Amino acid sequence: DIIRPFDGWKVNYTPFSDIRGKVVELGSGAYVLTASSAEKKDAAFDQPIFKGTKEFDIKTGEVTSIDLTCTIDNAMVTVKLSEKFVKELSDYTVTVTNGMGTLSWNKNAEVNDFEPAAEDGKTIYKGKRNGYFTIAPLTVTVNGHRAIDGSEAKTVYNINTVNPADNHVLNLDANVVGSLGGLTIEISSDVKKIDQAVVVPGFEEKPVPGDDPS
């Protein structure tokens, strides 16, 4: 997109390949150039959105070259499960929404969106695909059933601060008694280098039949 703020005049070239290597003729004045990914779904797997904006001036009789760098404009969500979580819950769904789009990672009899991986000498289970969301607060919902008795375990957590190029890593763990224990949100980004940990309090633990109440 090329926009002339003075009078609102604008022109769009989609795709960029239509003008690659060509000279675009513009009247003299100040302009704003914006380039972005063609696909811009509010929530999608493996869909980083790149965007860049730059102001420039056009002078009569001169050729102006513009270098524009595009960076990631949406946020990524990665889901990781502890080995204990996988053993304690027979099925589970991790759902993330930004209010405009929703993505889910599932494990049940028909589908398993997770695969084992080694991390820090431990076995974890990582979502096979990363989710990408346009910028808005995120709501994370985890639903599951305890393997030992089929009882329901559920938690909801809100991520209020979401910025472009953030990578929100959801590390899910479970208490040894079988109830879903806690949801740890580690927010990090290679671009912003954010390092923050948020721990969600666990569920009220339900006694398992046959357990000593003490």
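A polar contact is a pair of N or O atoms within 3.5 Å; within protein, one must be able to donate a hydrogen and the other to accept it, and residues adjacent in sequence count only if both atoms are side-chain atoms.

Some ground rules. This is a predicted model, where local features need pLDDT of at least 70, side-chain atom pairs count only at pLDDT 80 or more, and totals for chains, interfaces and linings use all residues. Residues are numbered from 1 along each chain as its sequence is written, and side-chain values use heavy atoms, with hydrogens and water left out.

Thr64, then. It sits in the loop between β5 (50-58) and β6 (71-72). Strands here are DSSP runs of E, at least two residues, numbered from the N terminus. A polar side-chain atom of Thr64 lies 3.4 Å from the backbone oxygen of Asp57. Setting aside neighbours within four places in sequence, Thr64 contacts Asp57 and Ile58; contact means heavy atoms within 4.5 Å.

Is Thr64 buried, partly exposed or exposed? Partly exposed, because its relative accessible area is 32%. The cut-offs: buried is under 20%, exposed over 50%, partly exposed in between, with a 1.4 Å probe and protein chains only.

Now the backbone. Most residues other than glycine have a negative phi, and most peptide bonds are trans. Thr14 and Pro15 are joined by a cis peptide bond, omega about 0 degrees. Pro15 is in the loop between β2 (9-11) and β3 (29-36).

Asp120 has a positive phi, near 55 degrees. Ala165 has a positive phi too, about 75 degrees. Asp120 is exposed, at 76% relative accessible area. Ala165 counts as buried, at 14%.

Methods:
Helix = DSSP H or I, 4+ residues; strand = E, 2+ residues; numbered from the N terminus.
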